[in-house]
Amino acid sequence: MRRLVGIALLLAACASQGHGNGDDGIGSGSGSGSGSGTAGSDGFVFAIVGDTRPSSVDDTTNYPSPIITKIFQDIAATPAQFVIATGDYQYASITGSEQQPQIDKYMTARSAYSGPLYPAMGNHECTGYTDSNCGSGNPDGITKNYSAFLSTMLAPIDETEPYYSETVNAADGSWTAKIVVVACNAWTTAEGTWLTQQLAMPTTYTFVVRHESVADMSDAKCPDSQTIIAANPLTLLIVGHTHEYAHEKSAKEIINGIGGAPLTSGTNYGYTLVSRNTDGTLTVATYDYTTGSTIDSFEIKADGTAG
């Protein structure tokens, strides 16, 4: 677990990834989105982007680059200090050669935002099947999709496994937050032990990032992770997989799968901002990427209940 103590070390993390851009750690793109967040006195704000892939397998020509580029441009115009992505950056056959070109298109779009990106692994980063399980010693092994994800999206943040965590601490020590990224599609006993240890570490806020939602855990290993998550404090479970936006209050969950993949609901594409307020609550607001209008906004306390 890397510790990012206040904005000063957030900047250090940006610099270590080659993404530093000035004194405030805030992106400076040219997007026209109107999302602004309601940052607290220490300015803790981060963004969430959802599933981004073409509609058909190996259709790299129609990769949704214009959509995801605009989303990252919009985020760059907000105070977001880092971005969390919920998985599925490709739709490529494991026997073909389109995984790297598609992930390269994603990373080109991502370059519109200069801060750190913390991506979760989706099922399309394994074989494409929801119940797939990649990694050394796992049934689906090391696929081309998995290798491209590790080398292109995780290597820039110095991660070698698709599960990892980050900790952000207030500069004055008044609060702490951890971001715990789970990989259901690369699940091992070792990851389960790691997840238990990570969630046992006390922090004011706990954000868990996973591709599949509580209601859509077709992967046989996702329930294993959910059992561990449910036994520990949780502020917000951040997921994707279904190409929609939804706030599932009972699960303390937000679904953001609206990053360019073919939509499964009436919600337009967009992004989410999570902002800490001066009273310690969090505002979670999701914005339309074309108009900047608010799709949804709600407040929660550190324990995930309504603010």
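A search of the whole structure turns up two disulfides, where a disulfide is a pair of cysteine sulfur atoms within 2.5 Å. In general terms, a disulfide is a covalent bond between the sulfur atoms of two cysteines. Before we look at them, a word on the model: it is predicted, so local features need pLDDT of at least 70 and side-chain atom pairs count only at pLDDT 80 or more, while totals for chains, interfaces and linings use all residues. Residues are numbered from 1 along each chain as its sequence is written, and side-chain values use heavy atoms, with hydrogens and water left out.

Here are the disulfides side by side.

| Disulfide | S to S distance | Torsion about the S-S bond |
|---|---|---|
| C126 and C134 | 2.1 Å | about 95° |
| C184 and C222 | 2.2 Å | about 110° |

Because its torsion is about 95°, the disulfide of C126 and C134 is right-handed. The torsion of about 110° makes the disulfide of C184 and C222 right-handed too. This second pair links distant parts of the chain, 38 residues apart: C184 lies in the loop between β6 and α5, and C222 in helix α6 (residues 222-230). Numbered in sequence order, the bonded cysteines pair as 1-2, 3-4. C126 and C134 are both buried, as are C184 and C222; buried means under 20% relative accessible area, exposed over 50% and partly exposed in between, with a 1.4 Å probe and protein chains only.

Now for the wider chain. It has six helices and 13 strands, taken as DSSP runs numbered from the N terminus (helices H or I, at least four residues; strands E, at least two). Of its 307 residues, 57% count as buried.

Where does N185 sit? N185 is found in the loop between β6 (176-181) and α5 (189-200). N185 counts as buried because its relative accessibility is 0%. Its side chain reaches the backbone nitrogen of N123 at 3.4 Å.

Strand β5 (residues 164-169) is largely enclosed by the rest of the structure, because six of its six residues are buried. From β5, Y164, E166 and V168 point one way, while S165, T167 and N169 point the other way. β5 pairs with β6 in the antiparallel sense over six bridges; two strands pair if DSSP finds at least two bridges between them. Within this pairing, Y164 stands opposite V181 in β6. The hairpin of β5 and β6 has six residues between the strands, and G173 there takes a positive phi near 75°.

Notes: Polar contact = N/O pair within 3.5 Å; in protein donor to acceptor, adjacent residues only side chain to side chain.
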